[in-house]
Amino acid sequence: MTARHPQLHLVVSDERGNIYDDPDLLMLCRRGAQWGLPRPDEVMPLPPESEFFLLPGRQAVGLDPESGRPSCPGGEARLAVAAFAAPGHTISAHPVYESGPEAPLLPLFSYGAVGFAEGRFYLCARRVDTDPRQEFGNVPRARIERGARDLLRAYSGNRLVRHILENCVARYDCPAARNFALGRYEAPLPTARACNARCVGCISAQEKDSPVAATPQCRLAFTPDPAEIVEVMRIHAGRELVAPVFSFGQGCEGDPLTNAELLRESIALYRAEGGRGTVNCNTNASRPAAVAALAEAGLTSLRVSLNSARPELYHKYYRPLDYSLDDVRRSICEARGRGVWVSLNLLFFPGVTDTEEELEALARLAGEDGVSMIQWRNLNIDPEWYFRLMNGGGGESGGLALSPSMGLGRFMKRLRKLCPWLRYGYFNPYLGEKARIAAPAPGTWSMPEPKSLSDGNGSGDGGAEEG
Ligand code: SF4
């Protein structure tokens, strides 16, 4: 295959955070236990609005082209560097480094492999959604602040409005909250203080004995009432006139299904007054009866988060308290059976997700339960920690060996071949009030025969797509 990019050099940092390229070493990348040069088709120029991370206590490793062996850089700048990809992009590899004994656990972000050539940075990733909804490069900060101020003045009695603007915009700079301030795209509807899972990488709460030092966001400290929720929906529908989306289930809360009756009442109220737009729920989907009730009330779409379609890996990461992956699958069937669009929020991790066993399990889940879309999200977690946990180390479910990575691009392509109706993307799509669904009804699909599973050449590249 012809390389579409120049030869990439290793990127390193000194202790002060100054970033350099190393002209003597080539960039390596990591997928689970595998180290190698990036594949020619998996590298793209670093997208605007991506961010660099210096990885403390971790010595960068590149490839010495003369010896053909992995090698650490000399000189002062030796620390490994990673990039957090701008929204809409999924990373396909992590950087290669050697962790020293004092290396702290990395905070809950995703860490993409970066290289440098001919004056620019490159990233192992692909764009999976062309929707610009979380691009803010051309939006002056003053516009967001003015939008927030005006809403706070007009709706000062609404605690949810205040939470979104004073907490999520001002403290966390949350993209969904910024969009609410701007009156565009998707509005967040955080409601839940509790959760019935204990995800290893939960960004809103960790247990006392967790090694995670800090969560990027904190849980909501109150429960809004239906009137406050519906007012937020009305405000947003009155400003985003083309394609309003409203989403329960945000980074600053627990799981919204723990408040199912509140959600049901809010959706029913909004729909009863003729409220339009796509009402979506981002959730762990642990409660099938609650999902059925929301669907009856007027829910348009359900986005189900999972790191794996295999129970062993799912349970190791989610550590559910009172449900199992079977309940998640039942929820998907309840939703699909009532005409609700189901997306999987697939927490992609190079070297764990893109394996043969995961492909088969994911295709079965999507086909048998009637999933309409895959949102290719990056799992925000320390790469070595997660890989150890999934590859048999620790956890509550024993070890499970992982087969070699096939790469993100090939994984997407082969999944599409098995489940050709699947839409790929990153964000919750606008679907009107009721989606048109092409996914099979639950229980009507069976895995294609092996002869039709071969990779083939004509099935598209599985990349960014709208539709
Ligand atoms: S399901 Fe969501 S809120 Fe609950 S523990 Fe997992 S990440 Fe946290």
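Q: What makes strand 5 and strand 14 count as a pair in this predicted model?
A: Strand 5 (residues 43-45) and strand 14 (residues 120-127) run antiparallel and are joined by 3 bridges. Pairing needs at least two bridges, so these strands pair. Met44 stands opposite Leu123 in strand 14.

Q: How do you know that strand 10 pairs with strand 14?
A: Try the cut-off of at least two bridges again. Strand 10 (residues 89-91) has 3 bridges to strand 14, and the two run antiparallel, so they pair too. His89 has Arg127 as its bridge partner in strand 14.

Q: Why are strand 4 and strand 11 called edge strands?
A: The open sheet has 3 strands in the order 4-3-11, with antiparallel pairing. Strand 4 (34-36) and strand 11 (94-95) each pair on one side only, which puts them at the edges. Strand 3 (residues 29-31) is joined to strand 11 by 2 bridges, and at least two is what a pair needs, so this one qualifies. Arg30 has His94 as its bridge partner in strand 11.

Q: How do you know that the span of helix 8 is close to the expected one?
A: Helix 8 (residues 325-337) has 13 residues and reaches 18 Å from its first C-alpha to its last, against an expected 18 Å at 1.5 Å a residue. Just after helix 8, Gly339 takes a positive phi of about 80 degrees.

Q: What makes Val328 and Ile332 of helix 8 buried?
A: A buried residue has 20 or more other C-beta atoms within 10 Å of its own. Val328 and Ile332 are among the residues of helix 8 classed as buried, as are Arg329 and Glu334. The buried residues of helix 8 pack against several elements, including helix 6 (288-297), strand 18 (301-306) and helix 9 (356-369).

Q: Which residues surround the ligand, and what makes 2 of the shell charged?
A: The ligand is surrounded by Cys195, Ala197, Arg198, Cys199, Cys202, Ser204, Gly254, Asp255 and Asn284. Asp and Arg count as charged, so Asp255 and Arg198 fall in that class. The shell divides into 4 nonpolar, 3 polar and 2 charged residues.

Definitions and conventions
Residues numbered from 1 in each chain as written. Predicted model: local features only at pLDDT ≥ 70, side-chain atom pairs only at ≥ 80, totals over all residues. Near = placed C-beta within 6 Å. Helix = DSSP H or I, 4+ residues; strand = E, 2+ residues; numbered from the N terminus. Expected span 1.5 Å × (residues − 1). Buried ≥ 20, exposed ≤ 12 C-beta atoms within 10 Å, placed from the backbone. Contact = placed C-beta atoms within 7 Å.
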